[in-house]
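Dear colleague,

I am handing over the structure below, and after it I set out what was found. Please keep it open while you read.

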Amino acid sequence: YVVIDAPSKSDLFKMSHLFDYDRKFASSASGYIFYDYHRPQDIPKELHHTYDYVVIDAPSKSDLFKMSHLFDYDRKFASSASGYIFYDYHRPQDIPKELHHTYDYVVIDAP
């Protein structure tokens with residue numbers, strides 16, 4: 001058996017930081033640090049390698065859709081999907097040049 005005597009809840013909050021994009025927490029959360037998950041390199045250097053544990057709450061599904069594109073041949077998605085781009089898999093060279101090398105992940109649903 002292992003028994004762990006955890007610090008009180010208030011002590012845990014004193015020893016933690018809240019990294020969030022939403023600045024509304026700046027006034028209500030002590031230890032608030034602005035964080036843009038597109039720019040993790042902007043975390044203050046003095047905080048690097050200082051945490052024993054990190055809890056991450058992924059962006060909401062709606063945020064992920066805002067950052068996504070749907071490449072599809074079927075134009076029925078043009079009106080329902082924001083970020084729809086017509087795509088003919090026989091002509092990958094037609095993907096707009098400004099979108100080349102811009103994605104962290106690509107999910108492919110084969111025809």
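Why does Ile33 count as buried? Ile33 counts as buried because its relative accessibility is 15%, where buried means under 20% relative accessible area, exposed over 50% and partly exposed in between (1.4 Å probe, protein chains only).

Before going on, please note that this is a predicted model, in which local features need pLDDT of at least 70 and side-chain atom pairs count only at pLDDT 80 or more, while totals for chains, interfaces and linings use all residues. Residues are numbered from 1 along each chain as its sequence is written, and side-chain values use heavy atoms, with hydrogens and water left out.

Ile33 lies in strand S2, which covers residues 32-34. Leaving aside residues up to four places away in sequence, Ile33 touches His17, Leu18, Phe19, Asp20, Pro44 and Leu47, a contact being heavy atoms within 4.5 Å. Of these, Leu18 is 15 residues from Ile33 in sequence, and their C-alpha atoms are 6.0 Å apart in space.

The protein chain has two helices and four strands, in the order α-β-β-α-β-β along the sequence; these are DSSP runs numbered from the N terminus (helices H or I, at least four residues; strands E, at least two). Of its 111 residues, 7% count as buried.

As for confidence, the protein chain averages a pLDDT of 74, and 68% of the residues score at least 70, pLDDT being the predictor's confidence in each residue, from 0 to 100. Over residues 1-6 the pLDDT is below 50, and this stretch has zero contacts in the model beyond near neighbours in sequence. Where pLDDT is low, the predicted coordinates should not be read in detail.
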